[in-house]
Structures are given as C-alpha cells and as structure tokens.
Amino acid sequence: MTRRATALVGATAAALLLAGCSLVEGVTGGTRTPTATVSPQAPPAGLEALAPFYGQRLQWSECEGAQCARLRVPLDYASPGGDTIEVAVVRVPAKRESRRIGSLVVNPGGPGGSGVDYARAADFIVGAGVRQAYDVVGFDPRGVARSAPVDCVTDQALDTFLGSDPTPDDEAEQQQFAATARGFAEACGRTAGPLLGHVSTVEVAKDLDVLRAALGEEKLTYLGKSYGTYLGAIYADLFPATVGRMVLDGVVAPDLTSDEINLGQAKGFELATREWAAYCVEQGECPLGGSVDRVMEGLRTFLESVDGSPLPRTGDNAIPRLTEGWASLGIAAAMYDQGAWQTLVDAMGQAVGGDGTALMQLANQYADRNPGGQYAGNIMEVIYAVNCLDKPEDDDVAERARLAEESLTEAPTWGPFLMWSSLVCGYWPVEATNAPKTISAEGADPVVVIGTTRDPATPYEWAVRLRGQLAKASLITFDGDGHTAYTRSNACVDKAVDAYYLEGTQPRDGLRC
C-alpha cells in the first residue's frame with residue numbers, strides 16, 4: 001500500500017469505452033477462445049438491468065505465459081445502458097488441474113496497484129499448495145494501468161508534484177502547498193474525462209462481482225492486501241451472499257475517516273522507523289546516531305536540511321537534486337519490508353555525506369518510476385482519484401495546519417507529512433460519492449483478517465477494528481515488521497491461510513504468529 005498523497009490512494013488517463021467503442025489498449029497474444037465450461041450467470045436480485053454484463057463470457061488469449069481477457073462493465077452502474085469500459089484480466093492457471101478448486105482473485109493494494117502484474121507473480125504471492133489448486137486471477141481496477149487509466153499530468157509535472165515541499169513550515173509555504181494541491185486536482189479534472197467520477201471502491205467492488213460471474217464462480221475466493229482489504233470489505237458489504245474464502249491482509253477498515261487514516265499511518269510509520277533506527281544502531285556506526293532517539297532526531301534534522309538545501313544526485317537528468325519530498329518517499333519505501341533496511345542504512349550514509357543518489361533510487365521504487373523519468377504505472381495519480389471519491393475532504397488550510405501541529409506529539413517524524421497529504425481531495429473536481437461506514441457483512445461466509453503488529457502503512461489496530469465489526473471472522477496476529485504477512489516470512493501465518501483456502505478450515509480467532 002502507498003501513503004496518502006502518497007498514502008492510501010488512486011486513478012489515471014481518460015481512456016474510455018464510449019458509445020460501445022473501446023479506447024483501451026488491447027491485449028497481445030494468440031488465438032482468442034471463449035471459456036466453454038463457464039455458464040452465463042444471472043445478476044443478483046434487483047440488478048436485472050446488469051444481465052448483459054453478468055452473462056458475458058470471457059475471451060481468453062495466451063499472453064506471456066498466462067491467459068488474458070477483457071471484462072466489459074458499465075462506466076456508470078446507475079446507467080447500465082450507457083457507456084462502458086473494459087477491465088484487463090489475467091489468469092495464471094492452477095499447476096495441477098486434477099486438484100483444481102476454482103479461481104482465486106487477488107488485489108495487491110494501492111489504490112492503483114496492478115492486479116494483472118500481481119497475479120503474474122502467482123508463484124510468490126500464494127502458498128505452493130494454493131498455487132496447485134487455484135487459478136490465480138488478477139485485474140487492473142477501473143482507472144488503473146491497462147483498465148481505462150486515468151492520467152492527470154505529464155511525467156515531468158508528476159516529478160515536480162512529488163518532489164514539492166510536503167511539510168509547509170509557515171503561512172506562505174502553506175499557501176504554496178495549497179496551490180500545488182489545487183493545481184494537481186484541477187489538472188485531473190481537465191484530462192481524466194467522465195471516468196474521474198466513476199473510480200470509487202464501490203464501483204470497483206461491483207466490477208469484482210461481474211468478474212466473479214464471468215469466471216463461473218458461485219462465490220468469490222479472494223486475497224486482498226492493503227487497500228485490497230478495503231475493496232474486499234466493501235464487496236462483502238454489497239454482496240455478502242457470494243463471499244467465499246476471503247483473506248484480508250494489512251487492513252484498511254472502511255469506517256476510518258481521512259484524518260484517522262492520515263494519523264494512523266503517521267503513527268505506523270513512526271513505529272516502523274523506530275524499529276529501523278534500532279536496527280541501524282545494532283549494525284554499528286549508524287550514520288545518524290548511536291541510539292534510537294538520536295537516529296530519529298538525526299533523521300528529522302536531515303529532512304529539514306534537505307528542505308532548505310536539496311542534495312545533488314547522479315544518473316537522472318530529470319531530477320538532478322533530492323528534495324525533502326523525494327527523500328521522504330525514499331525513507332518510506334524501506335519501511336514496507338525489513339529486507340530493505342540495510343539498503344536504507346547505506347543510502348542514509350551516502351546522503352549524510354552529501355549524495356542523494358541511493359536515497360532517490362529508493363524513492364523511484366516507491367513511485368514506480370524508472371531512473372530516466374518515466375513512470376511504469378499510474379499509481380501516484382490514480383491513488384487520489386479513488387481516495388477522493390471514497391473519503392470526503394475539505395480545503396481548510398488552517399485546519400490542516402492545526403492537525404499537522406497536533407500530530408507532532410505522536411508522530412514527530414511523519415505526522416505533518418501525512419496530515420497535509422490529503423489536502424488534494426479538498427480541491428477535487430468531483431464530489432465524494434462514498435463515505436466511511438461500518439461493515440458487518442451479515443450473511444457472508446467467515447472472513448480471515450490478518451494484522452501485523454508493526455505494519456507501517458496499515459496499523460495493526462485497524463485489523464482489530466475490522467474484526468470487531470464483521471459478523472463472522474477470525475483474526476490472525478503476526479508479531480513482526482513490514483507491510484502485510486501472508487507469504488512474506490512467517491510459516492505460522494502461511495500454514496493457517498493455506499489450510500483455509502485448500503480445506504476451508506477457518507483459523508482460530510485470535511491466533512498469534
């Protein structure tokens with residue numbers, strides 16, 4: 001998951017399927033053939049107008065070792081007879097057809113992460129037994145990557161936006177921050193077209209049910225990570241009768257407000273960064289200090305200095321100097337996986353010495369940006385489009401400044417960065433269509449919820465919060481670092497989840513790993 005305004009976010013360019021004509025890039029591959037074994041399904045009661053979408057058969061073609069297809073869905077579910085868009089879908093078939101159970105649909109988070117790319121890594125994102133028994137299916141949600149992507153600004157403009165000062169220090173800088181946020185929002189309004197008002201999580205959840213039907217599944221088997229948990233929870237609220245074996249790992253509870261998300265992530269990154277600081281000290285000769293508190297203070301001092309005097313870096317003419325915005329993204333990137341902690345230690349040693357090259361490399365990974373200045377995906381844009389529809393936000397700069405100041409008590413390193421981050425949504429050209437709500441999913445099959453105790457992006461408390469709301473669920477607690485838990489490092493978590501997918505065995509509620 002990414003941090004807002006780099007946090008929890010999502011949308012990109014106005015490639016729409018208008019008046020029945022697709023403007024979305026096609027899928028390359030071999031001969032296209034329908035899935036003969038899938039029988040058309042009827043839509044849920046009350047949604048009969050969606051019958052043409054629920055009854056469609058996916059036309060699969062070979063594509064780089066997998067199978068690709070396009071799913072047709074309404075642009076606006078309130079007008080199913082109007083314009084349509086196409087959603088890119090990929091299927092990685094089960095390794096042992098004789099043991100095949102069905103389709104496992106996956107979403108990696110974001111909002112804005114490519115489910116197509118994620119599913120292509122099927123051997124790494126699910127357990128070996130699950131990989132044998134399930135077709136792993138991914139899709140790029142509407143507005144993302146290959147699915148009518150929303151593209152707000154040029155790569156060069158996005159460089160400037162992400163590198164701008166993320167923590168305004170006085171009224172003049174606050175007004176400049178507001179102008180930058182407003183400019184980005186207005187650019188999206190000019191370029192994204194009608195799709196900008198139809199990339200909410202509710203609409204993606206409706207697409208997900210159409211996909212379930214097109215796959216021939218009576219119930220949805222699902223793995224959602226990070227923002228993908230929010231999508232899964234919204235789906236369970238809308239379609240409880242078709243919830244099958246659902247795992248939500250790294251939870252974003254649907255009743256969280258925008259401010260709660262910002263502060264929760266600020267505290268989560270603060271905790272994770274302190275764990276990294278302890279690691280840095282333990283390695284000896286930490287470039288920022290000899291104790292955790294000194295490292296944290298040194299990190300803040302470093303960011304303040306870069307704010308005033310960006311560091312030179314090499315290898316990228318598009319961004320010759322490392323700003324506070326880019327430095328913050330580079331540091332944040334390493335918090336997602338403790339395997340990157342040593343990389344950050346080395347990068348900070350280089351940065352303290354006056355060279356921002358290595359830290360910018362981490363920032364590029366975070367932003368899905370190539371060193372030459374091209375963005376591989378549109379996550380850094382689409383993240384706003386989704387979040388701004390999902391969570392109402394205002395444009396009160398003074399209130400934002402107050403919240404940023406208050407956050408220093410619990411998150412002195414990350415508080416202002418996160419509290420300012422959602423101001424873009426205050427200027428969004430389309431009003432929010434959803435709002436925070438409690439999800440019970442009454443009538444759904446039991447859901448598995450996973451929380452990691454020192455997760456920077458989705459604090460553990462959010463998993464506990466969602467578990468307390470769901471009518472039927474079990475909570476797995478992973479006492480560890482990094483973002484999400486399943487197939488990352490812990491055999492206890494993996495064994496419990498694999499048994500659930502393969503045998504339907506619900507993990508014990510309260511299991512700790």
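Modeller: The second largest pocket holds about 430 Å³ of space. Bear in mind that this is a predicted model. The lining of this pocket is made up of 20 residues. Nearest the pocket's centre lie Thr 167, Asp 169, Leu 408, Pro 412 and Pro 416.

Which helices supply at least two residues each of that lining? They are H10 (292-308), H11 (324-335), H15 (397-407) and H16 (415-421). Helix H10 gives the most, with 4 residues. Sorted by class, the lining has 10 nonpolar residues, 6 charged ones and 4 polar ones.

Now for two single residues. Take Asp 140. It sits in a loop, with strand E8 (134-139) on one side and helix H5 (155-163) on the other. Is Asp 140 buried or exposed? Asp 140 is buried, because its relative accessible area is 0% and buried means under 20%. Set aside the neighbours within four places in sequence, and Asp 140 is in contact with Val 87, Ala 88, Ser 114, Gly 115, Val 116, Ala 145, Arg 146 and Ser 147.

Next comes Asn 364. This residue belongs to helix H13, which covers residues 357-367. Asn 364 has a relative accessible area of 4%, so it too counts as buried. What does Asn 364 touch beyond its neighbours within four places in sequence? Its contacts there are Arg 369 and Pro 371.

Notes:
Residues numbered from 1 in each chain as written. Predicted model: local features only at pLDDT ≥ 70, side-chain atom pairs only at ≥ 80, totals over all residues. Heavy atoms only, no water. 1 Å grid on protein atoms, 1.4 Å probe; cavity = no way out; pocket = protein on both sides within 12 Å on 5 of 7 lines; lining within 4 Å. Points joined across faces, edges and corners; volume = space filled by probe spheres on them. Nonpolar A, V, L, I, M, F, W, Y, C, P; charged D, E, K, R; others polar. Buried < 20%, exposed > 50% of the residue type's maximum accessible area, 1.4 Å probe, protein only. Contact = heavy atoms within 4.5 Å.
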